[in-house]
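Me: I would like to go through this structure with you, starting with a term we will need. Could you take my questions one at a time?

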Amino acid sequence: MPVITRSVCPFDCPDACGLLVTVENGRAISVCGDPEHPVTRGLLCPKMVHYQQTVHSPRRLTTPLRRIGIKGAGAFEPISWDEAVATICDRWQHIIANHKAEAILPYSYAGTMGLVQRNAGHAFFHKLGASRLERTICSPAKEAGWHALMGDTPALEPAEIEESDLVILWGINAAATSIHSMRDAQSAHRKGARLWAIDTYRTPTCEAVDEAFLIRPGSDSALALAMLHVIEREELLDREFIAANVLGFEELSAQILPGCSPIQMSEVCGLPAEVIERMAQEYARAKAAFIRLGSGLTRYGNGAMTVRTISCMPAAVGAWAKPGGGIFIGTSTGGAFPLQSVIREDFMTTLPRLVSMNQLGSALTELDDPPVMSLYVYHSNPAAIAPDQNAVIRGLEREDLFTVVHERFMTDTAHYADIVLPATSSLEHPDLYRCYGSYHAQRCSAAIQPLGGAKNNWEVFCLLAAGMGWNEPFFRLSAEELIELLLVGENPWRDSEVTERLRQGEPVMLTPLTEPKKDWLTPSGKIEFLNKKEVEPLPRLLPTHAERDGYPLRLQPSVTPFALNSSFYEQDDLRSKQKCMELLMNRFDADVRGLVDGQIVATFNDLGSVRFTLRITERVPTGTVVTEGVWWREFIPGDRGVNALTSQRLTDGGRGSTLYDVTVEVRGA
Ligand SMILES: Nc1nc2c(c(=O)[nH]1)N[C@H]1C(S)=C(S)[C@@H](COP(=O)(O)OP(=O)(O)OC[C@H]3O[C@@H](n4cnc5c(=O)[nH]c(N)nc54)[C@H](O)[C@@H]3O)O[C@H]1N2
Ligand SMILES: Nc1nc2c(c(=O)[nH]1)N[C@H]1C(S)=C(S)[C@@H](COP(=O)(O)OP(=O)(O)OC[C@H]3O[C@@H](n4cnc5c(=O)[nH]c(N)nc54)[C@H](O)[C@@H]3O)O[C@H]1N2
Ligand code: SF4
Ligand SMILES: [Mo]
């Protein structure tokens with residue numbers, strides 16, 4: 001008899017969708033959305049509708065492996081878990097004796113978002129004294145930009161979008177990356193709201209809105225400042241709201257806005273001045289404009305400033321004061337669960353060095369005192385997703401680097417491992433999930449037994465702790481007991497009733513801590529247009545990094561609806577929907593280079609050269625080229641993926657990645 005079990009989508013996505021998994025004879029045979037989930041309401045994206053194909057993929061790793069060929073060649077032999085753990089612990093003891101524990105570097109990110117499995121390694125590496133990883137590849141510049149203006153003010157309730165009369169999907173490909181925001185925006189549309197998208201090329205989201213505005217990469221501050229210039233000039237400011245809620249509008253008005261006329265800013269962002277004029281007027285005249293801000297526009301040398309500048313807009317027109325008005329960058333529910341009980345910073349006896357995950361290439365090839373002698377990768381695929389792939393691979397090829405990769409699949413990174421450990425999928429382990437697009441949370445149990453010898457992240461760290469000879473009782477707790485540590489007590493986010501429902505596996509809504517849209521949690525209590533604590537006290541136009549690089553085309557390493565970063569390439573159907581690793585280029589740019597549709601092209605800059613299949617399309621404006629998805633090397637025309645073209649440079653705030661801040665040239669290959 002098939003059994004239906006509730007579960008949660010574990011992937012790095014704002015939504016943490018509720019799932020219903022049908023299990024028969026120990027196998028997951030189908031997965032669908034949970035119609036009773038209060039937010040996700042049964043809707044799933046195309047990636048997850050056949051999740052059982054990922055879980056039961058013939059490509060799943062099911063036994064530990066030891067490298068037998070040269071590094072990166074992919075030749076391995078099976079070994080037992082005992083042997084794998086003993087080999088790792090022996091090597092680490094040796095490295096610690098010769099170089100100290102900081103020579104060991106963990107590398108993990110967001111293969112699973114579950115609070116236990118995602119954070120499972122922290123306690124272990126803290127006790128070991130390993131280098132710490134600065135996990136900033138995604139969008140820390142977004143938080144930094146928000147913080148500079150809004151302090152600790154929490155996000156508004158995202159469902160307010162449905163009450164808006166003008167929804168702006170700004171730098172977010174919501175149709176692919178945030179399907180519930182898209183659904184709610186469309187519901188607002190049905191009630192009469194207009195929908196805009198502001199992007200750098202025509203994404204699926206642009207096809208689903210009333211109007212799409214395409215701007216030059218990294219130039220959103222120019223557009224926002226020009227709109228503010230018009231709003232002030234046309235006397236469309238909400239002066240009452242500003243007087244009561246904003247600090248430093250006068251300074252912005254006197255020092256910055258005069259130099260930001262639509263004509264001046266048109267040259268920067270590429271939109272005609274009259275279009276900027278119209279956008280400003282319509283934005284200011286809307287009853288309750290709602291900006292849903294994405295992450296793409298933050299991955300530039302000026303990314304934090306971009307977020308800060310755009311975030312001034314709802315304050316200038318008083319949109320915050322109206323239901324459905326404001327700007328939403330994502331929720332943060334950090335206080336809801338005592339994560340310290342899992343990550344155990346108290347296990348650290350010193351404060352080891354911090355290594356940026358965006359600079360793994362340099363860490364592996366340049367760091368000394370001590371050099372990185374061992375890399376332990378879990379739920380991440382840095383050989384594919386980290387910037388400056390050539391530097392990363394030079395590091396991974398080092399014969400003296402001892403690399404362990406704990407994975408579900410033989411990823412590009414696992415190919416370079418000395419030891420590969422098989423990981424469970426989310427259906428094979430329990431966890432507790434929260435999300436960053438709303439305020440829901442849910443605990444789930446394993447729906448099926450682990451495949452073959454696969455083990456979950458937490459189990460592996462318990463084995464490694466035992467292998468290191470530690471007696472610490474913490475490493476004898478089960479994953480369920482860790483979940484219970486996260487659920488102890490109650491707090492303003494969740495009372496005893498909500499906590500009990502969580503224990504039962506029900507999806508629940510957490511209660512955001514303050515009344516958003518009224519209390520500005522900044523030092524002054526106001527929205528700080530002027531913030532003297534910042535290097536840049538006022539929002540202004542800053543250049544991107546790539547503007548100085550000198551290659552003629554801006555490259556956008558964007559996302560596809562049919563994969564999530566480098567995940568899901570194991571599903572043949574999803575992969576075939578993406579066809580192949582394409583470079584999207586405008587006909588004009590192709591013609592001047594004598595390139596034709598379908599040919600293999602070499603795309604290059606100072607960091608590397610990557611082969612793509614050229615796709616000529618009017619979706620991309622001149623001067624910009626786009627590729628979607630982070631392909632596995634096995635499926636691409638050359639031996640390098642898109643990140644051989646991206647750099648290790650960091651954002652202006654938050655030390656984030658600058659994956660979109662790239663220039664290239666393209667020629668026939
Ligand atoms: N299907 C799918 N879903 C995903 C992911 C995936 O890979 N595939 N990834 C997940 C992860 S980890 C994340 S962080 C989120 C990210 O999801 P989003 O917040 O949507 O971020 P991105 O897709 O990186 O970028 C959003 C859009 O910004 C555009 N963009 C790039 N530069 C600029 C700019 O300078 N200005 C403007 N206005 N737009 C710009 C890009 O073209 C893109 O369409 O999605 C998550 N969901
Ligand atoms: N060119 C380009 N580069 C990008 C991006 C882009 O859009 N374009 N996006 C960037 C962004 S926003 C992000 S967040 C990063 C994401 O980078 P990563 O967090 O590395 O994400 P994935 O590529 O999805 O790789 C996750 C891996 O975890 C494995 N995994 C899943 N569950 C488990 C588990 O429970 N245990 C273990 N041990 N393994 C598991 C999966 O098999 C998968 O190989 O990539 C960044 N890099
Ligand atoms: S990837 Fe995102 S949209 Fe798709 S099922 Fe998972 S949480 Fe939902
Ligand atoms: Mo991300």
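Predicted model: local features only at pLDDT ≥ 70, side-chain atom pairs only at ≥ 80, totals over all residues.

Me: Where in the fold is leucine 650?
Reply: Leucine 650 sits in the loop that runs between strand 26 (624-628) and strand 27 (662-668).

Me: And which residues is leucine 650 in contact with, neighbours within four places in sequence aside?
Reply: With those neighbours left out, leucine 650 is in contact with Gly301, Ser356, Asn358, Gln359, His545, Arg655, Gly656 and Thr658.

Me: What separates the C-alpha atoms of leucine 650 and proline 516?
Reply: The distance between these two C-alpha atoms is 31 Å, and leucine 650 and proline 516 are 134 residues apart along the chain.

Me: Let us turn to the ligands. Which residues come nearest to ligand 1?
Reply: Ligand 1 has 32 residues around it, and those that come nearest are Asp199, Gly218, Asp220, Tyr300 and Ala563.

Me: What polar atoms lie by the oxygen atoms of ligand 1?
Reply: A polar side-chain atom of tyrosine 660 is 2.8 Å from an oxygen atom of ligand 1. A polar backbone atom of asparagine 173 is 3.0 Å from an oxygen atom of ligand 1. On the nitrogen side, a nitrogen atom of ligand 1 lies 3.2 Å from a polar backbone atom of isoleucine 198.

Me: How much of the accessible area of ligand 1 does the protein cover?
Reply: Ligand 1 has 910 Å² of accessible area on its own, and the protein covers 97% of it.

Me: Which parts of the chain supply the shell around ligand 1?
Reply: Domain 3 (156-329) and domain 4 (546-668) each contribute at least three residues. In terms of secondary structure, helix 6 (174-177), strand 9 (194-199) and strand 22 (553-558) each give at least two. By class, the shell around ligand 1 holds 14 nonpolar, 13 polar and five charged residues.

Me: Now ligand 2. Which residues are closest to it?
Reply: Ligand 2 is surrounded by 31 residues, of which Ser380, Glu407, Asn457, Ser566 and Ser567 are the closest. Its shell comprises 13 nonpolar, 14 polar and four charged residues.

Me: What about side-chain N or O atoms by ligand 2?
Reply: An N or O atom in the side chain of serine 380 is 2.7 Å from an oxygen atom of ligand 2. For nitrogen atoms of ligand 2, the distance is 3.1 Å to a side-chain N or O atom of asparagine 565 and 3.0 Å to one of asparagine 643. Of the 920 Å² that ligand 2 exposes when taken alone, the protein buries 97%.

Me: Why is ligand 2 said to lie between domains?
Reply: Its shell takes residues from both domain 2 (65-138 + 352-509) and domain 4 (546-668), so ligand 2 lies between them.

Me: How is the whole chain divided?
Reply: The protein chain has domain 1 (3-55), domain 2 (65-138 + 352-509), domain 3 (156-329) and domain 4 (546-668). The centres of domain 1 and domain 2, taken over C-alpha atoms, are 24 Å apart, and 26 residues of domain 1 are in contact with 27 residues of domain 2.

Me: Lastly, where is threonine 54?
Reply: Threonine 54 belongs to helix 1 (residues 51-55). Threonine 54 is buried, with a relative accessible area of 0%.

Terms used: Residues numbered from 1 in each chain as written. Chains lettered and ligands numbered in written order. Heavy atoms only, no water. Near = heavy atom within 4 Å. Polar contact = N/O pair within 3.5 Å; in protein donor to acceptor, adjacent residues only side chain to side chain. Areas by Shrake-Rupley, 256 points an atom, 1.4 Å probe, with all protein chains shown as cover. Helix = DSSP H or I, 4+ residues; strand = E, 2+ residues; numbered from the N terminus. Nonpolar A, V, L, I, M, F, W, Y, C, P; charged D, E, K, R; others polar. Domains from an automatic or database assignment. Contact = heavy atoms within 4.5 Å. Buried < 20%, exposed > 50% of the residue type's maximum accessible area, 1.4 Å probe, protein only.
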